[in-house]
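Here is a short briefing on a structure with more than one part to look at. Keep the 3D view open as you read.

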Amino acid sequence: MENQWFTISVYSENQVGLLNRISGIFLKRHINVESLNVSKSEIEGISKFTIVVNTTEDWTRHIVSQIEKQIEVIKAFYHTDDETIYQESALFKIGSHLLFDERQIQNIIKDSHAQIVTVSREFFVLAKTGRRHEIDQMYHELEPFGIMQFVRSGRIAVTKAEMPISALLAEFQQA
Amino acid sequence: MEPVKELKKQQTQEKALKITGAEAIIHCLLAEGVNTLYGYPGGAIMPVYDELYKFRDQLHHVLTRHEQGAVHAAQGFARASGRVGVAIATSGPGATNLVTGLADAQIDSTPVVCITGQVPRHLLGSDAFQETDIIGISTPVTKWNYQITRAEEIPEILAKAFYIARSGRPGPVLVDITKNAQFDSLDFTYKPCKGVRSYKPVPQPDLAAIEAAAHLINQAKKPYIVFGQGIILGKAEAELKAFVEKSGIPAAWTILGLSALDSDHPLNVGMVGMHGNYGPNVLTNECDLLLAIGMRFDDRVTGNLATYAKQAKVIHFEIDPAEVNKNVKVDLALLGNAKETLALLLPKIEKKSHGAWLGEFHKKYEEEYEAVIRRDMKPDKPGLTMAEVIAEINKATDHNAIIVTDVGQHQMVACRYAKFRQSKSNITSGGLGTMGFALPAAIGAKMGAMDREVIAIAGDGGYQMNIQELGTIFQTRTPVKIVVLNNDFLGMVRQWQELFFDKRYASTVMTNPDFVKIAEGYHIKACRVSERADLAGAVAEMIACPDAYFLEVKVEKEDNVFPMIPSGASVSDIRLK
C-alpha cells in the first residue's frame with residue numbers, strides 16, 4: 001500500500017494532556033506528524049485537532065481508531081486531499097527598503113494575492129493563505145531578496161462530506 | 001413518605017461534608033467499595049497516609065516492600081476478584097516505580113486505579129524534591145490519567161477514575177494529586193460516575209452482524225474457536241460454555257483466556273500460541289471458520305500473519321473497536337461484550353457436533369503426547385521436569401487453585417499443564433511479560449479471593465526481581481504458597497540461546513542464593529526438593545500448610561519448552577522438538 005497524504009480530524013473535549021496522549025500514538029508507531037493544528041470546532045466547548053500525515057491508509061485507519069479510543073476523544077476521521085478543502089497560512093517579514101529597491105517584489109505580492117498586514121519603516125509583513133505549493137512558490141520567489149522571518153501554520157481543513165458530531169454527542173449522552 | 005420528610009431526608013443526604021482532600025480520597029475509596037489497597041508512603045502522599053491511619057478499621061492498607069510490588073499486588077487482586085485493584089505511592093521515584101505495573105495492566109486490560117502524591121501546586125515544574133512528571137510518563141501506559149491540583153476536584157475525578165478503569169475494556173488509571181489538594185478542605189459529596197460523554201465503553205451489538213455470524217457458523221464444516229481474556233473480563237464463562245456445547249465447536253484458549261472454560265471440558269482442545277498445543281496451532285491453518293472471541297491476535301498467538309488462518313473466514317468478537325483489523329483482517333466483527341453477543345448468537349445457531357473435526361485435534365494431541373508430553377510428565381532421566389511439578393500441584397489441589405505465574409519457561413509449562421475448573425484462576429503477565437510479577441500478584445490474588453488456594457510459581461530469575469515482597473507476606477501473614485522452579489538459568493533466554501545463538505549462554509547463568517534460608521529469614525516455612533521421590537510429599541505438605549509456604553524445586557538445568565513456534569514462523573510450522 002502506497003503512502004498518501006491524509007488529514008485526520010479529531011473532535012475532543014478540551015483537556016490538559018490530551019495533546020500528549022494523541023502525539024504519543026504517532027510516536028509509538030514512529031510516524032511523523034507533518035502538521036498539527038488545534039482550535040475550537042463548530043460545537044461549543046469541543047476542540048478540533050487537524051493532523052496531517054503521509055503514510056498508508058492502513059496505518060492511518062489504525063491510528064484513527066487508536067485516537068478514537070482515548071477517553072476524551074469524541075470522534076476521529078481521516079480524509080484524503082480530494083475529500084477536503086484545506087489551506088495553510090504563512091507570514092513573511094521583509095525589509096521595507098526592498099519594496100522600493102526591488103520592483104519585482106511588488107509583482108510577486110500582486111500575483112500571489114498575498115496581503116500586506118503591516119508596514120513600518122524597517123519591515124513589512126505579508127500574509128499568504130493557500131495550498132502548500134503556493135506558499136512554497138512565494139517563498140522561493142522572495143528568498144533571493146532576503147526574508148527576515150518566515151512562519152507557516154499547520155493545515156486547516158473542512159471536509160466536503162458531513163461530520164456528524166452533534167448527533168454523536170447526543171447519542172453518547174443518552175447511553 | 002410525606003413530601004416534607006422526603007425533602008428533609010434528601011437535604012441531609014446531600015449536605016456536604018467539610019473535610020480535607022486527603023480524607024475525601026478515603027471516602028471516595030470507601031464509596032467505591034474498596035477494602036484493600038497496596039502502597040508505600042512518602043513525603044507527597046503523607047496527608048493521605050495520615051487518613052489511612054484514622055480509617056485503618058475500614059480500609060486495609062498493605063505495605064509492600066516496593067511500589068512495583070504494590071501495583072502488581074493490585075493487579076493480582078483485580079484479576080482474582082474481578083474488582084478494581086488500588087495502589088498508592090508518593091511522588092517521584094514512588095510514582096515511577098509504578099510504571100511497569102501500569103504498562104502490564106494496560107496491555108493485559110486489568111482494572112487498576114493508582115493514586116500518586118505530587119509536589120504542591122506552586123512547586124509544579126520547579127524540579128522540586130521528588131517531583132517527576134508522572135502524567136507525562138504514564139500517558140502511554142494508562143487508559144486514562146489526570147492530575148488533581150485542587151481539593152474540590154477529588155470526588156468527581158476519583159469517581160471517573162474507577163468508572164473508566166472498570167468499564168468497557170478495563171485498564172489502568174493514574175490520578176496524581178498535588179499535596180496542597182490533599183491538605184485543603186472541600187465540601188464533600190460523592191456521586192458515582194455513570195458515564196463520560198466522550199467515552200462509549202461498550203459498543204451496541206449489531207443484530208445484522210449476529211445474523212451473518214450465525215449463518216457462517218451454521219454453514220461451517222471445520223469451525224474453530226479461540227477465546228481470550230475477554231470471556232473472563234466480560235463474565236461470559238457460562239455463555240461461552242453454552243455456545244461451545246450447542247455448536248459443538250472445538251475451543252482453544254490464549255494464555256489469558258485460560259481457566260475461562262474447564263480444562264477437562266471435552267471441547268477444550270488446549271492452548272494456542274508460541275508454546276501452545278500442537279493441534280490448536282496447526283489446525284488454525286486448516287479450519288474453515290475461526291471464531292476469535294475476546295482475544296486480540298497477539299504476535300505470540302499468530303506467528304507470521306502472512307500465513308495465519310488465510311484459508312478461513314474469521315469472525316472477531318471484540319469489545320474494543322480499535323482491535324478489529326489491527327493485526328488480522330477479519331471477515332466479520334461482532335462488536336460488544338462477549339457475554340451479550342454470545343447470548344444473542346446462541347438461539348440462532350444449530351445444535352451440532354463436529355466429531356471428525358474434533359478427532360483431528362485428538363490425533364494431533366497424540367502426536368504431541370508422543371513427542372513432548374510423555375517426556376515432560378514421565379521423564380526417563382533423573383532430573384525433575386517443570387511439568388512434573390505442575391502435575392503434582394494439579395493433583396494436590398484437585399484443579400481448584402489459583403495459579404499465579406511469572407514469566408519464562410515455568411510460565412509456559414504451567415499454562416500448558418495446569419488444570420482449572422474455576423474461572424479467574426490463571427493469573428500471569430501475558431502481554432508485557434513482566435518478570436517479577438508472580439510474587440506480588442499472588443499476594444493481591446490471595447487477598448482478592450481469600451477462600452481460594454493461591455500458588456505463585458516463578459523461576460529463579462523472576463523470583464529475585466521482586467523477592468523483597470516476602471516481607472509483605474511475612475508482615476501480613478498472607479497464606480500464599482510459593483514455588484520456585486530453579487534451573488539456575490534464565491531458562492527461556494537460555495533456550496533461545498541454545499536454539500538460535502549456538503549455545504552462547506550470555507548472561508543467563510545464575511549463581512543463586514540459598515532460597516530456603518531467605519524464606520526462613522522472613523519466618524516463612526520452606527523446603528527444597530531435588531529428588532523425584534520427594535516431590536509429591538513436598539507438594540502435599542505445602543498445600544496442607546495453613547500458612548505461607550515456600551517450596552524450591554531443583555529442576556533439570558537445560559530442559560526446553562516444546563512445542564515451539566520459532567519467532568516469525570507460521571503457526572503450522574510449530575516444532576515438536
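Start where the two chains meet: 16 residues of chain B are in contact with 19 residues of chain A. On the chain B side, the residues that touch chain A divide into 8 nonpolar, 4 polar and 4 charged. Keep in mind that this is a predicted model.

**Confidence in chain A**
- The mean pLDDT of chain A is 93.
- In chain A, 98% of the residues score at least 70.
- Among the elements of chain A, strand β8 (residues 149-152) has the highest mean pLDDT, 97.
- Helix α6 (residues 165-174) of chain A has the lowest, 73.

**A helix pair in chain A**
- Find helix α1 (residues 18-28) and helix α2 (residues 57-68) of chain A; their axes come within 10 Å.
- The two axes cross at roughly 150°.
- Angles over 145 degrees count as roughly antiparallel, so α1(A) and α2(A) are roughly antiparallel to each other.
- The crossing of α1(A) and α2(A) is right-handed.
- From α1(A), Ile22(A), Ile25(A) and Phe26(A) take part in the contact.
- They meet Ile63(A), Gln66(A) and Ile67(A) of α2(A).
- By class, this contact between α1(A) and α2(A) has 5 nonpolar residues, 1 polar residue and no charged ones.

**The build of chain B**
- Chain B has 24 helices and 20 strands.
- Its radius of gyration is 25 Å, close to the 25 Å that the globule rule gives for 577 residues, so chain B is as compact as a globular protein of that length.
- Along its principal axes, the C-alpha trace of chain B spans about 70 × 60 × 45 Å.

Methods:
Residues are numbered from 1 along each chain as its sequence is written. Chains are lettered from A and ligands numbered from 1 in the order in which they are written. This is a predicted model: local features need pLDDT of at least 70, side-chain atom pairs count only at pLDDT 80 or more; totals for chains, interfaces and linings use all residues. Two residues are in contact if their C-beta atoms, placed from the backbone, lie within 7 Å. Ala, Val, Leu, Ile, Met, Phe, Trp, Tyr, Cys and Pro count as nonpolar, Asp, Glu, Lys and Arg as charged, and the others, Gly among them, as polar. pLDDT is the predictor's confidence in each residue, from 0 to 100. Helices (H or I, at least four residues) and strands (E, at least two) are DSSP runs, numbered from the N terminus. Axes are lines fitted to C-alpha atoms, for helices over the stretch in contact, and angles run from 0 to 180 degrees between N-to-C directions. Angles under 35 degrees count as roughly parallel, over 145 as roughly antiparallel, 65 to 115 as roughly perpendicular and the rest as oblique. A crossing is left-handed if the near helix is turned anticlockwise from the far one by less than a right angle, and right-handed if clockwise. The radius of gyration is taken over C-alpha atoms; the globule rule is 2.2 Å times the number of residues to the power 0.38.
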